[in-house]
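Dear colleague,

Please find the structure below, followed by an account of what was found in it. I would be grateful if you could read the notes with the model open.

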Amino acid sequence: RWEVFMDAYSGRILDAFSNVCSMHHHCESSPPPNVTSGRDLSGTVRALNTYSISGTSYMIDASRPMFNAGASNLPNDPIGAIWTLDARGGFPASSGFNPDHLTTGGSSWNNEVAVSAHYNAGQAYEYFANTFGRNSIDGNGGTIISFIDVREQNGQEMDNAFWNGRAMFYGNGDFAFSQPLARSLDVAGHEMSHGVIQNEANLEYRNESGALNESFADVFGSMIDRDDWLIGEEV
């Protein structure tokens with residue numbers, strides 16, 4: 001996700017910078033919720049709002065007030081939902097990126113990474129809704145999307161989590177992070193906050209404005225995860 005400035009006459013690139021905001025290791029009415037449960041990466045059993053179609057539960061939380069049932073085409077196009085998807089080891093900028101739904105045939109989940117990402121996205125949503133009356137990341141009920149099991153373009157495990165302008169992406173950790181980054185609530189809060197900052201202030205992601213962008217995301221991440229002032233300590 002690059003911003004590129006080109007000379008209109010010569011075609012020469014004058015300037016370029018990446019807009020990907022990262023967690024770097026530099027140290028109508030909603031339907032009744034389909035409540036399922038699963039153990040997250042911290043070992044805690046979480047109740048999850050999901051969506052059931054013909055006995056199959058999808059990691060689509062359609063229980064929030066922002067959900068627009070009339071505009072949604074479930075399960076592939078939920079509008080105003082909290083939606084967690086499996087990147088299946090892919091890299092989002094790759095032509096072969098082919099994510100898939102996370103599903104279960106029962107009322108429980110055995111994917112701890114998915115449970116963590118889905119639950120934490122809901123917690124971050126609730127913080128902005130309850131504290132500021134904000135209706136999702138964009139303030140207009142936009143769908144909140146998370147991808148788990150994201151890897152680097154060369155297939156290596158990703159030591160990062162990032163917001164790319166539309167969704168949150170969680171790597172599994174490599175050498176600096178010992179756990180999948182989806183485990184940490186403050187990481188989820190940090191990345192979702194980048195989306196809020198983008199929609200509210202659109203701070204250019206470089207130099208002083210980029211530093212402010214990161215600082216605001218850190219503060220909101222700490223506000224969402226009230227255990228301490230550290231960011232990413234659980235991973």
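Axes here are lines fitted to C-alpha atoms, for helices over the stretch in contact, and angles run from 0 to 180 degrees between N-to-C directions. Helices (H or I, at least four residues) and strands (E, at least two) are DSSP runs, numbered from the N terminus. The model is predicted: local features need pLDDT of at least 70, side-chain atom pairs count only at pLDDT 80 or more, and totals for chains, interfaces and linings use all residues. Residues are numbered from 1 along each chain as its sequence is written, and side-chain values use heavy atoms, with hydrogens and water left out.

Helix packing

The axes of α1 and α3 cross at roughly 95° and come within 10 Å. The two helices are therefore roughly perpendicular to each other; angles under 35 degrees count as roughly parallel, over 145 as roughly antiparallel, 65 to 115 as roughly perpendicular and the rest as oblique. On the α1 side, A124, Y127, F128 and F132 meet F220, M223 and I224 of α3, where contact means heavy atoms within 4.5 Å. By class, this contact has seven nonpolar residues, no polar and no charged ones. For these classes, Ala, Val, Leu, Ile, Met, Phe, Trp, Tyr, Cys and Pro count as nonpolar, Asp, Glu, Lys and Arg as charged, and the others, Gly among them, as polar.

Between α1 and α2, the axes come within 9 Å and cross at roughly 55°, and these helices are therefore oblique to each other. Their crossing is right-handed. A crossing is left-handed if the near helix is turned anticlockwise from the far one by less than a right angle, and right-handed if clockwise. N120, A121, Q123, A124, Y125 and F128 of α1 meet L185, A188, G189, M192, S193 and V196 of α2. By class, the contact has eight nonpolar, four polar and no charged residues.

Helix α2 (residues 185-200) also packs with helix α3 (residues 207-224), at an angle of about 130° and with the axes 7 Å apart. α2 and α3 are therefore oblique to each other, and their crossing is right-handed. From α2, the residues L185, D186, G189, H190, S193, H194 and I197 meet N213, E214, F216, A217, D218, F220, G221 and I224 in α3. Six nonpolar, six polar and three charged residues make up this contact.

A201 is in the loop between α2 and α3. At 47% relative accessibility, A201 counts as partly exposed; buried means under 20% relative accessible area, exposed over 50%, and partly exposed in between (1.4 Å probe, protein chains only). A201 and S95 are 106 residues apart along the chain, and their C-alpha atoms are separated by 31 Å.

Backbone features

Most residues other than glycine have a negative phi, and most peptide bonds are trans. L74 and P75 are joined by a cis peptide bond, with omega about 10°, and P75 is in the loop between β7 (60-61) and β8 (82-86).

S54, though not a glycine, has a positive phi of about 55°. S54 is in the loop between β5 and β6 (56-58) and is exposed, with a relative accessible area of 78%. S136 is likewise not a glycine and has a positive phi of about 80°. It is found in the loop between α1 (112-132) and β12 (144-150), and S136 is buried at a relative accessible area of 4%.

Two further loop residues

D40 lies in the loop between β4 (34-39) and β5 (45-53) and is buried, with a relative accessible area of 6%. The side chain of D40 makes a polar contact with the side chain of S42 at 2.7 Å. A polar contact is a pair of N or O atoms within 3.5 Å; within protein, one must be able to donate a hydrogen and the other to accept it, and residues adjacent in sequence count only if both atoms are side-chain atoms. Leaving aside neighbours within four places in sequence, D40 is in contact with R46, E112, V115 and S116.

R12, in the loop between β1 (2-6) and β2 (13-18), is exposed, with a relative accessible area of 53%. Setting aside neighbours within four places in sequence, R12 is in contact with F5, M6 and D7. R12 and R1 are 11 residues apart in sequence and 19 Å apart in space, C-alpha to C-alpha.

Yours sincerely
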